[in-house]
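Dear colleague,

Please find below the structure that I promised to hand over, with the sequence alongside.

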Amino acid sequence: MGKPRLSILLANPRGFCAGVERAIEIVEQSLAKFGAPVYVRHEIVHNRYVVEGLEAKGAVFVEKLDEVPEGVPVIFSAHGVPKSVPAEAKTRNLFYLDATCPLVSKVHREAERHARIGHQLILIGHAGHPEVIGTMGQLDEGVILLVENVADAEAVEVNDPNRLAFITQTTLSVDDTAEMIEVLQRRFPMIHGPKKEDICYATTNRQQAVKAIAARCDAILVVGAPNSSNSQRLVEVARKLGCSKAMLVQSAADIDWARIADVRTLGVTAGASAPQVLVDEVIAACRECYDATVEVVTVTSENVRFKLPRELSEPSPVA
Ligand code: SF4
């Protein structure tokens with residue numbers, strides 16, 4: 001008897017975004033320019049495969065700056081850092097490169113601008129995520145109010161509803177964020193903010209691509225890490241659209257074959273920090289068990305590229 005048939009719908013866009021590509025390139029070019037070891041504060045992007053690959057080339061990942069020895073370069077991850085981190089690096093005379101995604105830096109500048117003109121700020125985001133810690137750390141402690149869900153948006157108390165603004169994490173669910181903004185705008189009609197939210201193009205496009213396949217799929221595999229916000233949101237978006245068997249897998253080894261045994265149409269996508277090689281492995285694993293066909297479902301094309309920090313093209317300050 002031949003293998004059972006499986007139709008794979010491959011969402012596009014998926015996987016690496018421009019911010020992730022830039023961050024990885026910063027680490028790779030730093031290793032080439034300054035030599036190993038190069039220290040990186042926090043996982044450069046939330047993916048073990050990427051982190052282990054860079055470790056093998058000589059990158060050392062630490063959580064705190066005080067773990068970085070003198071005389072070696074240190075890179076800040078794509079998620080951004082509180083202002084206190086570069087300040088501490090300067091105090092210690094450490095040479096650092098900032099791999100913060102330019103779209104996260106843009107939100108940091110928005111936060112500063114609102115503070116300058118006297119707006120109290122609400123950040124829509126998830127407590128504890130490094131991007132939220134970094135964004136809240138652009139202003140003095142306790143200045144930014146965090147709203148994580150609709151209940152928070154209903155309850156948040158502000159100093160002056162006429163001098164108020166909101167910003168958002170870049171990797172949220174577009175639909176959930178719209179609901180929270182609606183509540184804030186109903187409660188505080190004078191609230192300032194971006195046109196829609198600060199969710200980045202990559203997060204938005206990956207969610208749209210999942211929406212385009214969800215109704216046709218019996219199950220969806222999202223390749224991504226458990227601590228990757230945008231990957232988790234892809235699972236939620238798929239489930240909200242009725243695909244109850246939407247699952248996060250870090251690699252092909254995580255696939256729960258029993259759960260997808262009766263699946264005839266399988267969606268596959270990947271979070272912005274998951275490399276294509278992991279998606280290829282998932283598809284290859286499916287081909288081993290099934291007579292699989294792959295249909296790519298494209299909702300838009302992306303051609304975003306970000307510049308690298310100028311320190312990489314300047315003479316090295318590291319001895
Ligand atoms: S997901 Fe968006 S904000 Fe995050 S690194 Fe990628 S482009 Fe930048």
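**Overall fold**

The chain holds 10 helices and 12 strands, where helices (H or I, at least four residues) and strands (E, at least two) are DSSP runs numbered from the N terminus. Its radius of gyration, taken over C-alpha atoms, is 21 Å, close to the 20 Å that the globule rule (2.2 Å times the number of residues to the power 0.38) gives for 319 residues, so the chain is as compact as a globular protein of that length.

Please bear in mind that this is a predicted model, in which local features need pLDDT of at least 70 and side-chain atom pairs count only at pLDDT 80 or more, while totals for chains, interfaces and linings use all residues. Residues are numbered from 1 along each chain as its sequence is written, and side-chain values use heavy atoms, with hydrogens and water left out.

Along its principal axes the C-alpha trace spans about 70 × 55 × 30 Å. Of the 319 residues, 53% count as buried, that is, under 20% relative accessible area, with exposed meaning over 50% and partly exposed lying in between (1.4 Å probe, protein chains only). Among contacts (heavy atoms within 4.5 Å) with a separation of 6 or more, 76% join residues 24 or more positions apart.

Helix α4 comprises the 15 residues 102-116 and reaches 21 Å from its first C-alpha to its last, close to the 21 Å expected at 1.5 Å a residue, the expected span being 1.5 Å times one less than the number of residues. Its buried residues are Val104, Ser105, Val107, His108, Glu110, Ala111 and His114, and they pack against β6 (120-124), α5 (130-136) and β8 (164-168).

After α4 comes Gly118, with a positive phi near 85°. His119 lies in the loop between α4 and β6 and, at 14% relative accessibility, counts as buried. Leaving aside residues up to four places away in sequence, His119 touches His114, Arg163, Leu164, Ala165 and His192; His114 is also one of the buried residues of α4.

**Phe95**

Phe95 sits in the loop between α3 (84-91) and β5 (96-98), and its relative accessibility of 18% places it among the buried residues. Its contacts, again not counting residues up to four places away in sequence, are Phe34, Val72, Pro73, Val74, Glu311, Pro317 and Val318. For Val74, which is 21 residues from Phe95 along the chain, the C-alpha atoms of the pair are separated by 6.4 Å.
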